[in-house]
Amino acid sequence: MTKLILVPKGDSPKIKQIIKRVNAFSKVAFLQCACGSRDMIQVTTGLLLDGGTPKGGTKQWLCASCLVKGVRSIVY
Ligand SMILES: [Zn+2]
């Protein structure tokens, strides 16, 4: 016969650490294109050369699979 054990209310600091870790993990997500690919290429548009050093510009993540097909799909 299995013995039932009363579990104390989850209010200990260890439980709070676990909840904090799980919540931090849930913010992580895969970048994925609408075509289903997860291969990304980062491009920078509008770079300025300031004394031989590239500065400024807008960074974007493009789908590499769509780019090969000739479609420029911005993922992020
Ligand atoms: Zn794609």
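These are my notebook entries on a predicted model of one protein chain.

**Ground rules**

I count residues from 1 along each chain, as its sequence is written. Since the model is predicted, I take local features only at pLDDT of at least 70 and side-chain atom pairs only at pLDDT 80 or more, while totals for chains, interfaces and linings use all residues.

**Confidence**

I looked up pLDDT (the predictor's confidence in each residue, from 0 to 100). The chain mean is 87, and 96% of the residues reach 70 or more. Confidence is lowest in helix α1, at a mean of 80, and highest in helix α2 (residues 64–68), at 95.

**Layout**

I get two helices and four strands, in the order α-β-β-β-β-α from the N terminus on. For the record, these are DSSP runs numbered from the N terminus: H or I over at least four residues for helices, E over at least two for strands.

**Overall shape**

I checked the radius of gyration, taken over C-alpha atoms, against the globule rule of 2.2 Å times the number of residues to the power 0.38. A compact globule of 76 residues would come out near 11 Å, but this chain has 24 Å. Along the principal axes, I read a C-alpha trace spanning about 75 × 35 × 15 Å.

Next came burial: a residue is buried with 20 or more other C-beta atoms within 10 Å of its own, exposed with 12 or fewer, and partly exposed in between, with C-beta atoms placed from the backbone. Buried residues make up 3% of the 76.

I also went through the contacts (C-beta atoms, placed from the backbone, within 7 Å). Of those with a separation of 6 or more, 35% join residues 24 or more positions apart.

**Helix α1**

Helix α1 covers residues 13–26, which is 14 residues. I get 20 Å from its first C-alpha to its last, close to the 20 Å expected at 1.5 Å a residue; the expected span is 1.5 Å times one less than the number of residues. The number of buried residues in α1 is zero, so the helix lies largely in the open.

Arg 21 sits in this helix and is exposed, with 10 other C-beta atoms within 10 Å.

**Strands β1 and β4**

Strand β1 (residues 40–45) has six residues and zero of them buried, so this strand also lies largely in the open. I find β1 pairing with β4 (residues 58–63) in the antiparallel sense over six bridges; pairing needs at least two DSSP bridges between the strands. Val 43 has Gln 60 in β4 as its bridge partner.

Leaving out residues up to four places away in sequence, I see Trp 61 touching Leu 31, Met 40, Gln 42, Val 75 and Tyr 76. Ile 41 is 20 residues from Trp 61 along the chain, yet their C-alpha atoms are separated by 5.6 Å.

**Leu 49**

I ended in strand β2 (residues 48–50), where Leu 49 is placed. Leu 49 counts as exposed because it has 9 C-beta neighbours inside 10 Å. Leu 49 and Gln 60 are eleven residues apart in sequence and 19 Å apart in space, C-alpha to C-alpha.

Terms used
Contact = placed C-beta atoms within 7 Å.
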